[in-house]
Each structure stands twice: as structure tokens, then as C-alpha cells.
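Please read the points below with the coordinates open beside them.

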Amino acid sequence: MLDKPLLLLTLLALAPRVSCAQSSAPDAPEPGSVEEIAQATTEARFLSPWVAYLPASASVVSPRTFLHRIPGAAGELVNSSTAYGYCRALAGSSPRVRLFTIGRSEEGRDIVMLAIADEQGIQELERLRAATAALADPRTTDAAAAERIVASARPIYYFNAALHSDETGSTESVLELAYRLAVSEQPMIRRIRENLVVLINPVSNPDGRDKQVEWFYRFLKGRTNLASLPRQAPPYWSKYAFVDINRDAHQQVHETTKAVFRMFREWHPQVVHDLHESVALLVTWNGTGPINQYVDPLTYAERLELSFHEVQALTGLGMPGVWTWNFGDDFAHLYLDAIATNHNSDGRGYETFGNGTAETLIPEQPGEDGTVEWYRPLPPPPQKSFSWSARDNVNYNETAMLAALDESAQQSKSLLRNFYLKALHSWRKGLEQAPYAFLIRDGQGDPARVAQLVARLLAQEIEVQRAAADLTVSEGTFPAGTYVVRLDQPYRNYAMDLLAAQDYPRDAGEPYDDVSWELPAHYHLAAIPTADPRVRAANLAPLSAAPHPQGDVAGSGPVYLLKDSGQEGLLEARYQLARFRISIAERAFTVDGAQYPPGSWILAPQAGLTVALHDVAAKLGLEFTSTASAPQVASHATPLPRLGLWVPWADTDTIGWARYSLDQRHIPYIYVRDEDIRAGKLRERYDVLLYGHVDLELAEQIQGIPRTWGPMPFKKTGATPSLGTPADSDDITGGVGWSGLAELQRFIDAGGLLITLGSGSMLPLEAGMVRGVRRESGGVPRSTQGGGGAAAAASQSAVTRTPGAHVRVSFARPDHPIAYGYSARTHVFRQNFPVYSIPRHWLRMAYCTTCLDGPVDRSGVVLEWGDREGAPLVVSGQAWGGEGLIGHPAILDLRSGLGHVIAFNFNPLHRDLNRGDQRMLWNAIINWRAILAER
């Protein structure tokens, strides 16, 4: 954008450009605002003249007047209803502001957004939206037309606040920013209003905001000693996700994500800027690398330039601790701001030094951020040497946002022109560089899963077409009905990122999150790239809506068969057919010349069955055939289990994705709390207990939230109407404890089936519920930059690491019910979970010759890591020390008493992404009785 040097070591020399004090003139400060802001700011160096007052207005209501306090006042937080009330009051009193509703939360709250510009900009919003939409598609807007549009258009800059609900300062910051942009007559503010359209979403996750605000007033208000604070966040924010609500860009599962994407589709903003809190004192995002090859270089250049300007501007104003670059990687674009990055705009973000509370604290957050570096020319003061207030947070947030907006206003034409150029580059690559398309056969085992993948592409505005006739290219002939993703489209780069395998460099640093998100790998499907440009001349019909496979019921019975071809929908189908008897074949068989593999269904004659099968076939895309008599093959019955899903209060986040997956498939289950485990009599209530992946070490899984914080109710009351959902408790502390662990042991020994996923498998394997398995390496898969200390170090320093990668596996027991629908060699998605040993009959009891480990017992290994025929371990992403993983258990089936434990060493329900892995879990639930019957 600008031609000035990018090295931040020059910032201090350049600082006079922005360091001169700014008086309030021509604004008049709102009486009392200067004093209140100064009083709420802990040190003068934490305040800039840009935000040291609230401009007075005779006609526009200020946040101070509406809230009866300044934003960022100590000990106060605004909930979503009050924040929206102020937004409506601001829009109702200023001709420079309009309010839009862009979505509704899972709990029914509006998600609203403000648009701010000068009067002319507000009057021309529809024209300005149409202009950025036209620039987004170079196929219909040529270069000359683009220049004409750029001449009269404005960039659109979107701010997103309060995504993570315990990061409380951003809502307060943007409410004040909105008012300042609407009323101030400072030259910088006028320049912003006249050259941009600023969009502000003050509470992007209103369900979580209201829970967090009520939690603050119930447990945190008035408490200023960091060491004695109780848990600072409620156990739930949104209905399903906690922190992972910011890992939803590819899936668009959560209503917050859908609302932001809806905004993007309707406005095509040039910047999506997400506001967060974690580190001192403000970092403006730019990862250390590696960078993603499918993001246009102009995006990286623009983001770097804006970040450099923010560091320069705030450093010049004397504000310490502002920096960029050294935070995370820039490889995975799966966060909310990536909605922009993946669609030719700039995804940006801040991390400010939030307290997790509105009270003023002396911070003690760990970190090595006190040195002078090229990317941090003026470091923050040492930890424990200063106090930090909610107003300090507002000052940094708002000052940096103003710097970013002013820079964008001054470079408005470059932003628009580059937005067009990025779309042009993407489209031209699809025309000029192979591959020219991806081809996805419709008949790949599970037509429903193919349709789901296509639907996910369409939801991202990636264009998909369908072959109207057989299609021949150099890679082969593809039948009519094949889905074709032609790459001569504006979002070609994002299509490549989703459909091609990832290759994270082996010599790169620690990844911040997943290193693979390849959709075909997640869905266990093939998307074939073609280097044949003739694909563009094929007879293709564009898809305007997500496809729905048409199932079929052939014949009229009386016996019906369902061939198991790996369909993910079998669990839902079994529950839809709950009142009917279904047997599952344990061996392959042949009927009327058709081959049926193990796992295929046999439905004996039953009243009403034919009608029910037609309904299920139409809904789930399943194909049933009929035969005169049942085949003679070994089989077992599949009664439906009483399914319990244990969700520990200490971590509801990752199991929230399990709840989402079950809810989407209409699977009835009982929500099981820690206190329900402690209450015992589990076998009387459940046949199968599912315990998902948790971001907890073993002791945390057992002891839960510290009892010293209790009693800590999570219940709906007159003072806390938002709490108590989706589950409630009189006291969320204490975990299951040792008594609950004993109850789980009794459940298994009495004939229950316990299924554990990911790090949840630590509980049975390491707490002694089943014996003979030893952890060999690794820990909970936390990022060191996301907290977690020792667990993160154990995970990241392990010789064997698979930080969110697709890796190959082989079934050690291909006849096991979990293997139904899969080939003997396949792949799954794995994070940095512990590596466990092959089971032994016993483990060492003392140090003596006859007390050492017993003989290896492979009977409990269902699935093992690695390919038995020697194919490379990694399908997509990266792995380090793979030789330490190959041959170790990926799924264990271990007996204890009358029951079994199925322990997954991966998470088949990872963020609703790895749908091809889910069937293994569904198999365990469907075939629970057969698994328990094996002795």
C-alpha cells in the first residue's frame, strides 16, 4: 500500500509523524468525560490523546449518557441487550449510522451490526455494496470497469467484537468507537467517514456475552487480587462451542460464523478485523510463518503494512507494548477473520492485554515479551510492575482501530484496487495454471457424504458444476453426474486450499493449530485434479443449491438388505428405524449375484417396514434392496442403546462438537454431568457412555474445577437468567472425583460400554480402569500460545507429533464391528495425542526379573497407526517422528469385568470436519451389544 520501509527498527525515527499531541478541537469534550477517562486509566502512557475524551453532541446520544458511565469503567460490563439498545439509540439519533440485523444466535438473540459513514455514504450504502460486489468478480468486471468503480467506491472495513466471551473489552471499545466515528469532527475522523464504510458488530456471540456478564457480576465483581480469583468464565458461552467458536471458518456450523459470513456475502468488505485478548499489551496479527501458498501476496503485504502502521502510530504516541509478527503461524486460515482471507480480503486481528474481568488487576500472565525486537520496538513494562484496567484495554483497542481506519482511509483506492486484483489473480490462475478443475465422482461409497462435501464448498461461495454427460479428460473418463469444481473462478485459491493436500514444512516452527484441513481427506473421498484444459468445454450444469442424493427401495420385500458401502448416515438410519429389528452381517455374503460386505443390514419381514424404509431412503440417500428370504450368514442383532454423553464441567468445548454431531443426526442421548457420574447406578441408566476428547490432563479429568471455588452454581435465576443452559448445576466444582471414578469402573464391570475419544482416553488407560497399557510419549494437544504450560510442552516436545494431520492407519482386526464400511487400510485425522503401547497381559509390578512387563496381547488392538503395506504415514499435513507412532494402537477394545472400553487415540468428531472418521464411532454405538458379547 505505502512505499515507506517495512522494517520496524525504523519506527522510532519515524515516530514524530504521529507523536504530536492532538487537542480536542474542533470537538468539545463531553463534560466529565476527560476526568473519568483519566481516572479509569492506570497510567498516562496507557492513554492516547485520540481517546482521552468523548466528543460532545447536542443531538447524538453518547455511550456515557446511555450507560451512565464511560466505556471501560472499572467493575462494569455491558450485556448484549444494553449494547444493542445503545446501538439502536445511536442509529436513531445520527444520520451517519444505520443498524442491521445479520443473524440470530442459537438461543434466539439478534446479532446486529452498525454501518457508519458520512451522510452521503449512508445514503449510498446500496451503491457502495454493489460496487464491492462487482469488484469481487473479474469475469463480469473488466479492468477498465474496475477502475471506474474504484474511482467512486469506498472500502468497507468490518470490526468483530466479543467472539470469545471472556475477552470482555472489545464490546466496550467498539461502542465508544462507533460514537466517536459518528460525531467527532477531528480531521482524522472526518477522513475516515468520507473515505470508508465502517461496519461494527459489537457482540458477535451474544449468548456467550450475556453468560459472561452475569458470571462476572455473580463471582468476580469487586475482586481485584488475581491470585484469589475463582474461575473467570462460565462453563458455556454458546450452545456448542467455547474457544472453538473461532475455529469454524471452513465449516460455518455456529450461528455467529454464519452471521459474519452472511455479512461478507452481502457487503464484500475489504477487511474483517476480529478483536481478541491474551498478551501484553497489543499485538496486531501477522504470523511468523510458514505462510499459506493459496493466499494472495497482496493480502500479506496489506496486512503487514497496516500492522506496521499501528505499531508506528501507537509507539509514536508513547504507548508501550505494541507489536506484530511473532504470534502464531500464518499457515492455517480457519479462524473467523479467515472468512476474509479465504475470499480475497484481509483477515486481521488484535490481541490486547485483557484481564478476563472488568476489575483492575496487577497482571501475572507468563510470556517472553519484554525484550526490544525489530517487531516490538517499545516493549511492555515487566509483569507485576503495573496495574491494568478495563479502560486501559479500551484505550489501546480504540487507538489502534483508529490508526488502522485512518491508514485505510488514506489508502482507500489501493485497498479497492487490490481487492479486485486478488480476485483477478485467482481467476487467471485457474485459466493459466494446472490444475484446471477438481472432479468428484458421485458414486464414491457414500453419496450423502459426497453431497455434504459439495454443500460445504457451495456454502463458501465456491462454484460447483455437474457433468450432464460422461466427461473424458487426460486423467480418465468420469460418468455423468460427476461434480466439477472449475478453477477459473474468483475463489480458485480457496478451492485449492480446501481440495488439495496440505504440506506443512518439516523445518517450520510450532503450528498454532491444525496443519491439515483437506476436505477430501476429512470426508474419505477422492477429488481428482485435472491438468486437462478441455474440462472447460465439457457439458456442465452449475449447481444453485446443495445436492441431496435420492435413495431407493428396490422391490417390495419381504426381506430387505442394505449394502454397507461406508455410509456415514447409518447411525441416524438405525435410530429412524428404532421400532424395527435389524441384524448386521458379520461376514460377506452374496444375494442375486450382488456382493454384500460385512456390516450390511438384514431386515426381516415386519409390519410397516416398507413405508419406513422409503422415508429413510429419501431422507438419508440410502439404497435398500429386497429379497425373498434372509441370507444364511452369521449376524447379530442391533438393539438401540441407552446412550449417555458425559460432559465434564471443566471442559465443555470439544465435547460440544460431539453434542452438535449427535443433534444434527437426531440421535437421542442423555446429557451426563459430573454429579450424575458421582451419583452412581450408571448401569441402570446407560448401556453406552461416550466420553469425548477434553483439553484436560488426567488429574483435571478426575478432580475437575477446584472445589476451593465452590459452591459455584451454574443455574438460571432472577439475577442470572442466561446461565443454566444447555445444562445446569448447583455446583460445577469437584469433577467426578475418586468416587466418580469408582462408579465408572462399576459401570464397565457390570457390563457397560465406555467409549473414549482423544485425550479422554487418558482416563481409562492411565487411571487403571483397564490394565496393561502404558503412555509412551506426548500429552494433551495444546498449543503453547493457547496456554496449558506443562501439557503443551509435553505435547510439543514429544519426538512423535501429528499436530492436526491426516495419517494412515490399518485395521489389526478387520473383522471387528468398528471396521465395518472401511477398507483394511485407510486414514484418520490425528492431533498431538499421547502415544500408547501395545497392551500387555500385565505391566511391571516391581523391579525384579519375574516382575517385569508381561507378554504382549494384541487382541485388544482394533486399529493401528501406519500402513501395513508401507505407504507414507502422512496423507495431508505433517508428522514428526512418525516411526514412533507406526504400529501403536489407534483404537483399543479392552475388557474389564463384564464390560468393554473402546479407546480412540484420535478424535473422530473433530469440529464437524472429519466426517469420514465418524463412522468408526457410529459402528461402536450401533454394534454395542455385539462388542460386549465378545469375551
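Does Ser722 count as buried or exposed?

1. Ser722 counts as buried because its relative accessibility is 5%, where buried means under 20% relative accessible area, exposed over 50% and partly exposed in between, with a 1.4 Å probe and protein chains only. The model is predicted, so that local features need pLDDT of at least 70 and side-chain atom pairs count only at pLDDT 80 or more, while totals for chains, interfaces and linings use all residues. Residues are numbered from 1 along each chain as its sequence is written, and side-chain values use heavy atoms, with hydrogens and water left out.

2. Ser722 lies in the loop between α24 (698-703) and α25 (737-749), helices being DSSP runs of H or I with at least four residues, numbered from the N terminus. Not counting residues up to four places away in sequence, Ser722 touches Arg109, Asp210, Lys211 and Glu214, contact meaning heavy atoms within 4.5 Å.

3. Helix α9 (residues 169-183) packs against helix α10 (residues 187-195) at an angle of about 90 degrees, the axes being 8 Å apart; these axes are lines fitted to C-alpha atoms over the stretch in contact, and angles run from 0 to 180 degrees between N-to-C directions. Arg180, Leu181, Ala182 and Val183 in α9 meet Ile189, Ile192 and Arg193 in α10.

4. Leaving aside neighbours within four places in sequence, Trp267 is in contact with residues including Phe100, Met113, Arg129 and Leu199.

Technical notes. Helices (H or I, at least four residues) and strands (E, at least two) are DSSP runs, numbered from the N terminus.
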